[in-house]
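Hi,

Here is the structure I promised to pass on.

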Amino acid sequence: MARMNMVQALNSAMDVMLQRDPRVVILGEDVGFFGGVFRATEGLQRKYGEHRVLDTPIAEGGIIGAAIGMGANGLKPVAEIQFADYIYPGFDQIVSELARLRYRSAGEFSAPVTIRTPCGGGIRGGQTHSQSPEALFAHVCGIKVVMPSNPYDAKGLLISSIEGEDPVVFFEPKRIYNGPFDGDPHKPAIPWSSHPRGEVPEGHFTVPLGKAQVVREGRDVSVLAYGTMVHVAEAAVRLTGIDAEIVDVRTIAPLDVDTLCTSVCKTGRCVVVHEATRFGGYGAELVATVQEQCFWNLEAPIQRVAGWDTPYPHAFEWEYFPGPARIAAALKLVMEST
Amino acid sequence: MSPRSRLHVPSPPARPGQEPDFSYVQISPAGAVGRPDVMASARDTEELSLQMVRVLGDDNRAVGPWNPHLEPEELQVGLRHMLLTRLFDDRMQKIQRQGRISFYIKSTGEEAVAVAAGMALTPGDMLFPSYRQQGLHVVRGRNLVDLMCQCLSNTHDMCKGRQMPIMYHWGSGNIFSISGNLATQFPQAVGWAMAAAIKGEDRIAASWIGEGSSAEADFHYAMNFAGVYQAPVILNLVNNQWAISTFQGFAGGEHKTFAQRGPGYGIPGIRIDGNDFLAVYAVTQWAAQRARQSGGPTLIEHVTYRTAAHSTSDDPSRYRPKEEWRAWPLGDPVERLKAHLIALGEWSEERHARLEKELEAHVTACWKEAESYGTLSGGPSLDPLTMFEDVFKEMPPNLARERDELRALQDSGVAARPASTPLAQKG
C-alpha cells in the first residue's frame with residue numbers, strides 16, 4: 001500500500017496497464033513529454049516511449065476518431081481530453097461511432113477506448129473549465145460512464161475501464177485530485193494522505209464497474225451522490241447531525257440500481273446530489289429509478305440538490321456550487337416531511 | 001459610394017433546363033503528368049495536385065509514366081468487378097422501387113474509384129469506405145447474397161437488422177463498418193494506420209470520403225493527424241461533383257482543387273481522372289508503396305461524376321440538368337476500360353454481352369437466395385429480442401430487464417410482430 005492522491009492513483013493505474021498489456025497506448029494533448037496539465041501521465045512517455053504515450057494535436061474529434069481506429073486495430077487506447085468542457089468536438093465520434101460500433105457491426109468490430117477527462121468545478125475555472133457533462137454521456141447507449149470520488153476507486157475503476165472490452169468515459173472530479181473537498185473553500189485544503197481511501201495498492205487491482213458503494217451507513221435518509229459531492233454530502237451530514245446513509249454511485253452507467261434502491265427502501269427518504277445543472281440532469285434519472293423501485297417505502301418527496309440551471313459563473317462560484325448548506329437544507333426538508 | 005462587402009454564394013454552372021457546362025473541370029492530356037519516385041518529398045509532388053493524372057487517352061490506349069502495365073487478364077477482372085457492381089446496383093435500385101427494400105444508394109459512374117483502388121491494395125489492408133464504395137466488397141470477393149441480406153434486414157443480415165440498407169461491414173474481409181454519419185471514417189482510418197505502425201505491421205489503411213463531406217471537421221482531423229504522424233494511410237476524396245443537391249463549389253472546390261489540400265498538410269495531393277481505371281490503379285499503387293515504406297499518407301482526389309441520384313430518396317432532376325451526365329467530359333469508367341481492352345484486342349462486344357448476361361444471371365440467383373432468408377414482408381425473420389445484444393460485450397442488468405420486458409409483452413400478445421412491416425422513407 002502507498003499513500004496516493006488521485007492524480008498519482010490515476011498515473012499508477014496507467015503505469016500498471018502500460019506495463020501489463022502491450023496493447024495499451026495513451027494519447028492526448030500535452031500527455032507525452034510534459035505529462036499532462038494535471039500531471040496524470042507524468043513520466044509515462046519516458047518509461048514506455050513515444051509510440052505508447054503520444055502527444056496529439058489540439059483536436060478532440062481527431063483524438064477520439066484516431067483512438068477508435070486504434071481500438072479497431074487491436075490496441076487499447078486511453079485518450080485524455082484535457083477538460084470535460086472540451087469534449088464536445090469529439091461528441092459525434094463518441095456518440096455516433098464509439099458507442100455504436102459494436103452494435104452496428106453486430107459484434108464484428110469494436111473499439112475498447114477509455115476516455116479520461118477532468119470535470120467539475122470549485123477551481124475558479126468559469127464556464128469552460130468547470131462543467132459536469134456526465135448526463136450527456138449517460139444518455140448514450142453503448143458507453144459506460146464512471147466518476148470516482150477517491151484515489152483508491154480512481155485507480156481500481158480506471159484499471160477496470162482499460163481492461164474491459166467496452167468504451168468508457170471516465171470523469172475525474174478535478175477539485176478532489178489533491179484532497180477530499182467538503183465544499184468550504186475557506187477551510188485549509190486537506191490532503192488525501194489523511195483519508196482512508198488515499199491508501200492505494202501499488203500494483204494491479206480492480207474496482208468493478210457498475211457497482212455503487214455505501215460510504216456512510218445511516219438509518220434516516222439516503223443521499224445518492226458521486227464525485228466531489230460525496231465529500232460535500234458527508235460535510236452536510238456532519239452539519240445536520242442527521243443519520244444519513246451516503247451512497248457513492250461511482251458508475252453512472254450502467255447504474256447499480258440494487259445498491260441504491262436497497263438503501264432508499266431501508267431509509268424511506270432520499271436526497272440526490274450532483275454538481276451538474278438540475279434540469280434534465282442525471283439526478284432526474286436517479287429520482288425516477290428510486291420512485292419506480294421504492295415508491296411504497298418513501299416517507300417524503302425526493303429532493304434534488306444540483307448546480308443552478310445557468311452556465312457556470314466565474315465570479316459566483318460558491319453561490320452556484322451546491323455546497324453543504326444547500327444539501328443540509330434538503331436533508332432537513334425530507335426529514336420534516338411526513 | 002463607399003465599398004461594401006458581398007457574399008459569394010456558389011452556384012453550379014447549370015440548373016434544370018439549362019445546357020450542362022463542365023468547362024470548369026481542368027483536364028490534363030493522358031500521359032502528360034510526371035510520376036515522381038514513390039519516396040519523393042511531399043514538396044516535390046505539389047504539381048500533381050493541380051494537374052490530372054490520366055493514363056487512358058481518347059484513343060483508348062494506355063500512355064505515359066503512370067501506365068501500370070497490367071496484364072490483360074487483370075484488366076478483364078477489373079472490368080468484371082465494375083460491371084458486376086453496376087448490375088448489382090441497378091438490380092437493387094429496381095428492387096427498392098418495387099418496395100422490397102427500404103432504401104438504396106448506387107455507385108453508377110464511380111465504379112473505378114472503388115474497384116481499381118481495391119485491386120491495387122492487398123487483402124490485409126484495411127478499408128474504411130463511405131456508403132458509395134460497394135465495389136470494394138465486390139473486389140474482395142464478397143458474396144452478393146450477404147450484401148442483399150443486409151439490405152433486406154433478414155435472418156442472414158450481417159448487421160442483425162440494426163442498420164439501414166448499404167451500411168455493410170466485413171470483418172474477415174477487412175472492410176470497416178459504414179456509418180451514416182459522414183466523414184467519421186476518415187480519422188478512424190488514420191488511427192487504424194497509426195496502430196499498424198505502432199505494432200510494426202506492413203498493413204496500411206485506405207479510406208474514402210465525398211468532396212461534400214470533406215467540409216466536415218473530421219476531414220481536417222484526419223489530414224492533420226495523418227500528416228503529423230506520417231501514418232500509413234491512403235485518403236481518397238471522391239469528387240463526384242454533387243453532394244445531394246449542392247455542387248462541389250459548396251465544399252470549396254471553386255477556389256482550389258481538393259487535391260491541393262494535401263500539400264497544406266505536408267501530404268502529397270494527387271488529382272486524378274477517377275473514371276480512368278488505370279489511373280486510379282496506378283496512383284493507388286504509388287500511394288500504397290509509399291505508405292508501406294514509411295513515406296506517409298497520400299490524398300487522392302478522384303475526379304468523377306455521380307451519374308446516379310444521391311439515393312433512392314433523391315430526385316436530381318430538381319436541381320441539375322436531367323442529361324448532365326451525358327456531358328461529363330471524363331466519360332464512363334466501364335465503357336472506357338471496355339474500349340481499352342477492345343483496342344488491345346483482348347475483348348469484344350460479343351464477349352462483353354456474354355459477360356453481362358452471365359453477371360445478370362448471377363445477380364438474379366443471388367437475389368433468389370437472399371429472399372429465401374426472409375424479406376421485409378414475409379418469410380423467416382430476425383428475433384427482435386436480439387436488439388438488446390452487442391450494445392456492450394456483456395449485457396448489463398438494465399438491458400436484460402428491458403429484454404425481459406419486451407419478451408413478456410410478446411408472450412402476452414401485446415407486442416406481436418406485424419405480418420408485414422410498413423416501409424418508411426429514409427434520407
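To start with the sheet in chain A: how many bridges join strand β13 of chain A to β14(A), and do the two run parallel or antiparallel? Four bridges link β13 (residues 270-277) to β14(A), and the two strands run parallel. One spot to look at is Val271(A), which stands opposite Gln303(A) in β14(A).

Before going further, the ground rules. This is a predicted model, where local features need pLDDT of at least 70 and side-chain atom pairs count only at pLDDT 80 or more, while totals for chains, interfaces and linings use all residues. Residues are numbered from 1 along each chain as its sequence is written, and chains are lettered from A and ligands numbered from 1 in the order in which they are written. Helices (H or I, at least four residues) and strands (E, at least two) are DSSP runs, numbered from the N terminus, and two strands pair if DSSP finds at least two bridges between them.

Back to that sheet. It is open, with five strands in the order β9-β11-β10-β13-β14 (chain A) and mixed pairing. β9 (213-216) and β14 (303-307) of chain A are the edge strands, each pairing on one side only. From one strand to the next the twist averages 25°. Helix α8 (residues 228-240) of chain A lies across β9, β10 (221-225), β11 (244-248) and β13 of chain A, at about 175° to β11(A) (axes are lines fitted to C-alpha atoms, for helices over the stretch in contact, with angles from 0 to 180 degrees between N-to-C directions).

Now the interface. 36 residues of chain B are in contact with 37 residues of chain A (contact means C-beta atoms, placed from the backbone, within 7 Å). On the chain B side, the elements giving two or more residues are α5 (185-199), α6 (217-229) and α12 (397-411). α5(B) gives the most, with 10 residues.

As for chain B itself, it has 12 helices and seven strands. Its C-alpha atoms fill a box of roughly 70 × 60 × 50 Å along the principal axes. Buried residues make up 49% of its 427 residues (buried means 20 or more other C-beta atoms, placed from the backbone, within 10 Å of the residue's own). Among its contacts between residues at least 6 apart in sequence, 76% join residues at least 24 apart. Finally, α12(B) is followed by Gly413(B), which has a positive phi, near 85°.

Cheers

Key. Contact = placed C-beta atoms within 7 Å. Buried ≥ 20, exposed ≤ 12 C-beta atoms within 10 Å, placed from the backbone.
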